[in-house]
Amino acid sequence: MWEYFEMKREEKKSLPPHEKKRIKKEKEEAEEKFKYCFLNGRKEQVGNFRIEPPGLFRGRGAHPKTGKLKRRVKPEDVVLNLGKDAKIPEPPKGHNWGEVKHDNTVAWLAMWRENISNSVKYVRFSQNSSLKGISDFKKFEKARELKNYIDIIRKDYREKLKAEFMVERQIATATYLIDVFALRAGGEKSDDEADTVGCCSLRYEHVFLKPPSTVIFDFLGKDSIRYHQEVEVDKQVFKNLRIFKKAPKKPGDDLFDRLDPSILNKYFQNYLQGLTAKVFRTYNASKTMQDQLDLIPNEGTINEKVVRFNAANRAVAILCNHQQLKE
């Protein structure tokens, strides 16, 4: 099978340019009717309108279900979400849609449940649609609001690093890590999901301490991307982390054993309605980008400016641990 697909790939590569253009044009024409929809009379681009074919599940990182068979998704598995007056697309011959809904309170056009993790997959609007634009606008506006509260939040959590109650110390320490190192909050995972963690779900073995104030983080974050950083931290933060790792704790135990994302986000609501740990990442990434852009002089060629812009973008990527995934 591998040899067959390699042969087909080589055949495709050896095609003359005009033949490649013809095939590309035919493909675009065939896909055109699936790429767009109308929302409130406005033409909007659809995002992921393709359903993955059957095959072996890969997952990211050391996923416990890697190698399991993804079964074929049939029309009977698919639920469509259309306007009441919209024409229902014809299903493939001999099949019917699982269900047709008219729910204008959600932002998906089709959904189905995949068999690997029993999770729901959606066809949504594309990144450049107006709905996505509104969502992004709200996200960045909330980060702008945080700018007015960040100083008092930082003052408070630095004071609470020495709090008498352990839960307050853990909240302050977690807030410090989220603010300074752009860690995600993290959440609970079931046994059949990849072992990815965030700040609140860090375990004993994910944090190594090197006196006087060096911390080594080593864990799998979102999408099983490894977060491996050696950083200098506030001395009181280092002391707190050492306390959080104190015996009888051992590998497998939670570092923040009195904290979870809901408790942390509820604490943030005391400062600003709608403030969550995620907003800190948006704020700090945006500020880092702006600070880097401010260092770029308004001179030189376009190519020189692009190089400087890309360098600024890399600084944000380093902060957020964004990495290019390799196939």
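A disulfide is defined here as a pair of cysteine sulfur atoms within 2.5 Å. The model is predicted, so local features need pLDDT of at least 70 and side-chain atom pairs count only at pLDDT 80 or more, whereas totals for chains, interfaces and linings use all residues. Residues are numbered from 1 along each chain as its sequence is written, and side-chain values use heavy atoms, with hydrogens and water left out.

**View A. Cys199 and Cys200, two cysteines without a disulfide.** The whole structure contains zero disulfides. Cys199 is in none, the nearest cysteine sulfur being that of Cys200, 5.2 Å away; this distance is too far for a bond. Cys199 is buried, with a relative accessible area of 0%, and Cys200 is also buried, at 4%. (Buried means under 20% relative accessible area, exposed over 50%, and partly exposed in between, with a 1.4 Å probe and protein chains only.)

**View B. The salt bridge between Glu44 and Arg42.** The closest N and O atoms of this pair are 2.8 Å apart; a salt bridge is a side-chain nitrogen of Lys or Arg within 4 Å of a carboxyl oxygen of Asp or Glu. Glu44 is buried, with a relative accessible area of 5%, whereas Arg42 is partly exposed, at 40%. The structure holds 21 salt bridges, and Glu19, Arg22 and Glu26 are linked in a network of them.

**View C. The salt bridge between Lys70 and Glu52.** The closest N and O atoms are 2.6 Å apart. The pair links distant parts of the chain, 18 residues apart: Lys70 belongs to strand E4 (residues 69-70), and Glu52 to the loop between strand E2 (42-45) and strand E3 (55-56). Helices (H or I, at least four residues) and strands (E, at least two) are DSSP runs, numbered from the N terminus. Glu52 counts as exposed, at 53% relative accessibility.

**View D. The salt bridge between Arg158 and Asp234.** The N to O distance is 3.5 Å. Because Arg158 lies in helix H4 (residues 150-160) and Asp234 in the loop between strand E11 (226-232) and helix H6 (235-244), the pair ties together parts that are 76 residues apart in sequence. Both residues are partly exposed, Arg158 at 41% relative accessibility and Asp234 with a relative accessible area of 25%.
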